[in-house]
Amino acid sequence: MKIVACNSNRPLAEAVAASLGLPLTSASIRRFADMEVFVEINENVRGEDVFVVQSTSYPANDNLMELLITLDALKRGSARRVTAVIPYFGYARQDRKSGPRTPISAKLVANLITAAGANRVLTMDLHAAQIQGFFDIPVDNLFAAPLFTRDIQERYHGRELMVVSPDVGGVVRARALAARLHTDLAIIDKRRPRAGVSEVMNVIGEVEGRHCILIDDIVDSGGTLCNAAEALIKNGAQGVSVYVTHGVFSGGAVARVGASPIESMTVTDSILATEAVRISSNIRQVTIAPLLAEAVRRISEESSVSSLFN
């Protein structure tokens with residue numbers, strides 16, 4: 001087994017390799033003067049089981065090209081099997097036609113990854129589970145829920161908790177976490193009365209006197225989660241904490257979260273933290289490296305990965 005790290009989240013790749021007791025495979029991934037990506041694998045990979053670790057986060061297009069070209073280099077180097085380990089799968093929010101003459105970019109990216117030479121994909125908390133069906137190769141979609149469950153039980157032991165979905169679309173994810181924690185579930189119903197008018201938040205469920213745990217897969221601008229936290233506080237919640245798998249944090253998201261009623265926002269290290277995230281007073285990271293490492297080991301040994309979902 002060999003682990004190759006691209007440039008989007010090298011610390012995570014190093015942590016995965018360390019958990020497996022392996023060194024990272026030597027590879028040169030650099031740019032020509034015109035910013036073309038060039039990849040050279042500096043070790044023999046013929047007949048090897050190779051795992052390429054690369055999140056397609058910002059800058060999404062550069063990181064995606066790095067992944068595709070690395071996959072091609074390994075395929076042409078006669079690797080026995082190449083698994084694309086994509087902790088954060090960019091373009092996942094474009095999983096359907098949102099209007100006339102719009103793309104389904106998640107399907108296009110799936111086709112590109114397959115054509116570049118990937119034999120398998122390992123990812124985490126896809127924005128839409130049906131994206132697994134966009135691939136014609138096996139896809140393992142891990143969940144952060146077991147990790148979040150342990151963290152919540154340690155940090156909020158003794159508090160009366162309520163798991164909250166920030167929108168109707170996230171109910172399945174929130175219900176699964178509530179079942180793990182043996183708590184009740186509430187839902188934020190957000191509506192925009194008309195174009196240009198701010199959203200009206202209605203809380204479905206009794207949150208008064210509870211410490212609310214908002215759960216989501218992606219925090220981008222942070223607007224939805226911050227507005228949801230304000231609505232919960234107005235409805236009598238004792239406090240609000242947030243658990244999110246992928247911390248995109250675009251634009252002024254970090255400042256927005258810092259100025260919100262959110263007591264603590266926990267994200268995984270699927271995306272490399274910026275300096276603003278690292279110094280934020282109410283944003284913290286938990287690592288998914290041991291989980292990814294165990295999945296990689298099981299895939300390499302051809303053993304079951306499904307128990308990691310529990």
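The legends below describe an overall view and several close-up views of a predicted model.

In this predicted model, local features require pLDDT of at least 70 and side-chain atom pairs count only at pLDDT 80 or more, while totals for chains, interfaces and linings use all residues. Residues are numbered from 1 along each chain as its sequence is written, and side-chain values use heavy atoms, with hydrogens and water left out.

**Figure 1. Overall view of the protein chain.** The secondary structure comes to 9 helices and 14 strands; helices (H or I, at least four residues) and strands (E, at least two) are DSSP runs numbered from the N terminus. The radius of gyration is 20 Å, close to the 19 Å that the globule rule gives for 310 residues, so the chain is as compact as a globular protein of that length. This radius is taken over C-alpha atoms, and the globule rule is 2.2 Å times the number of residues to the power 0.38. The C-alpha trace spans about 60 × 45 × 35 Å along its principal axes. Of the 310 residues, 52% are buried; buried means under 20% relative accessible area, exposed means over 50%, and partly exposed lies in between (1.4 Å probe, protein chains only). Among contacts with a separation of 6 or more, 63% are between residues 24 or more positions apart, where contact means heavy atoms within 4.5 Å. The chain exposes about 14100 Å², and carbon and sulfur atoms supply 50% of it. Accessible areas come from the Shrake-Rupley method with a 1.4 Å probe; for residues, only the protein chains shown count as cover.

**Figure 2. Strand β12 and its two parallel pairings.** With β11 (residues 211-219), β12 pairs in the parallel sense over 8 bridges; two strands pair if DSSP finds at least two bridges between them. Val 219 stands opposite Gly 247 in β12. From β11 the chain passes through helix α6 (residues 223-234) to β12 in a right-handed β-α-β crossover. Right-handed means that, with the strands pointing away from the viewer, the path from the first strand over the helix to the second runs clockwise. β12 also pairs in the parallel sense with β13 (residues 264-268), over 4 bridges. In β13, Thr 266 is the bridge partner of Tyr 243.

**Figure 3. Cys 212 and Cys 226.** A search of the whole structure finds 0 disulfides, a disulfide being a pair of cysteine sulfur atoms within 2.5 Å. For Cys 212, the nearest cysteine sulfur is that of Cys 226, 15 Å away. Cys 212 is buried, with a relative accessible area of 0%. Cys 226 is likewise in no disulfide, and Cys 226 counts as buried at 4% relative accessibility.

**Figure 4. The cis peptide bond at Pro 59.** The bond from Tyr 58 to Pro 59 is cis, with omega near -10°. Pro 59 is placed in the loop between β4 (49-53) and α2 (60-76). Most residues other than glycine have a negative phi, and most peptide bonds are trans.

Figure 5. Arg 101 is not a glycine, and its phi is a positive value near 60°. Arg 101 lies in the loop between β5 (81-86) and α3 (105-116) and is exposed, with a relative accessible area of 78%. Glu 302, also not a glycine, has a positive phi of about 60°. Glu 302 is in the segment after α9 (289-300) and counts as exposed at 58% relative accessibility.
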